[in-house]
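Dear colleague,

I am passing on to you the structure we spoke of, with the sequence and the coordinates placed just below. My notes on what was found follow after that, arranged by region.

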Amino acid sequence: MTIRPLIAGNWKMNGTAASLDEAKQLAAALAESPAACDVALCPPATLLAQMAWVLKGSAILIGAQDCHGKDSGAYTGDIAAPMLADAGASLVILGHSERRTYHGETDAEVAAKVEAALWAGLKPIICVGETLEQRQADQTLQVLTSQIAGSVPASLADAAFAVAYEPCWAIGTGLTPTLDQIAQAHAAIRAALPGQGGAVAPILYGGSVKPDNAGEILKIAQVGGALVGGASLKASDFLGIILAL
Ligand code: PEP
């Protein structure tokens, strides 16, 4: 059973049309030095279609950062999964801690979004992770297991998806868990995932991954790639992470 690693860049609420130059540079560099994994860029929704256009024919996949749980309807400002697929996305990040924290997304809402993404043919990257208080209270593994139980619907047992372990306290802070802590968290997540889909889903690590720490993190046996925020905005930094695998 082989698990194909995935390294995905989450641009968050950053980027305008001018930023597509970074995507072009990354595609050119990967054409010269092909990656040993799948590579994705997840720009803001406003750039999806343009990025799909400029990356046409390249090896880089395009992902969105969220979707609604319904296919269409009166939900002003929201974007449905089929719309993201229509704009060129093949992946979607769901349940990112910034969505859970700032938009109050619950596990049940994340699970509904996962189902919507699957129906639209998008591969979900489902994010889970503990807060600093939960880690300090020794609740990390329990929190992760409970988030997986609530956010990963049973239908994923036969589907292609990825999970990202992202400790909330490591996102954008420059802090990272120890290599042992990452390995333990990933093992607990693997054990909680359903079916054959769960056996082959890459489990990404996310939280302050940079070119200089990517090598040691990506070497951990249970780590199947990375979800990268800040360091994915510059092609040269993101390339350094991709080539560390
Ligand atoms: C993220 O946004 O998912 C993330 C991991 O951010 P950063 O790499 O900036 O910590």
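Please keep in mind throughout that this is a predicted model. I begin with Leu55, which lies in the loop between α2 (48-54) and β3 (60-64). Leu55 counts as buried, because its relative accessibility is 3%, and the cut-off for that class is under 20%. Leaving aside residues up to four places away in sequence, Leu55 touches Ala23, Lys24, Ala27, Leu41, Ile60 and Ile62. One of these contacts, Ala23, is 32 residues from Leu55 in sequence, yet the two C-alpha atoms are 7.4 Å apart in space.

The next item is helix α11 (residues 235-242), in which Ala235, Phe238, Leu239, Ile241 and Ile242 are buried. These residues cover an arc of only 160° around the axis, and therefore they sit on the same side of α11. The background to this is that an α-helix has 3.6 residues a turn, so residues three or four places apart point the same way. As for what covers the buried residues of α11, the list includes β1 (6-10), α1 (20-32), β2 (38-42), α10 and β8 (225-228).

When residues up to four places away in sequence are not counted, Asn213 touches Thr176 and Ser208.

Two helix pairs that share α7 complete these notes. The axes of helix α5 (residues 107-119) and helix α7 (residues 140-151) come within 7 Å and cross at roughly 45°, which means that α5 is oblique to α7. On the α5 side the contact is made by Asp107, Ala108, Val110, Ala111 and Val114, and on the α7 side by Ser146, Gln147, Gly150 and Ser151. Sorted by class, this contact of α5 with α7 has four nonpolar, four polar and one charged residues.

With helix α8 (residues 179-192), the axis of α7 comes within 9 Å, at a crossing angle of roughly 35°, and α7 passes α8 in a right-handed crossing. Here Leu141, Leu144, Thr145 and Ile148 in α7 meet Gln184, Ala185, Ala188, Ile189 and Ala192 in α8. By class, the contact of α7 with α8 has seven nonpolar, two polar and no charged residues.

With kind regards

Note on methods: Residues numbered from 1 in each chain as written. Predicted model: local features only at pLDDT ≥ 70, side-chain atom pairs only at ≥ 80, totals over all residues. Heavy atoms only, no water. Contact = heavy atoms within 4.5 Å. Buried < 20%, exposed > 50% of the residue type's maximum accessible area, 1.4 Å probe, protein only. Helix = DSSP H or I, 4+ residues; strand = E, 2+ residues; numbered from the N terminus. Arc of directions from axis to C-beta. Axes fitted to C-alpha atoms, helices over the stretch in contact; angles between N-to-C directions. Parallel < 35°, antiparallel > 145°, perpendicular 65-115°, else oblique. Nonpolar A, V, L, I, M, F, W, Y, C, P; charged D, E, K, R; others polar. Left-handed = near helix turned anticlockwise from the far one by under 90°.
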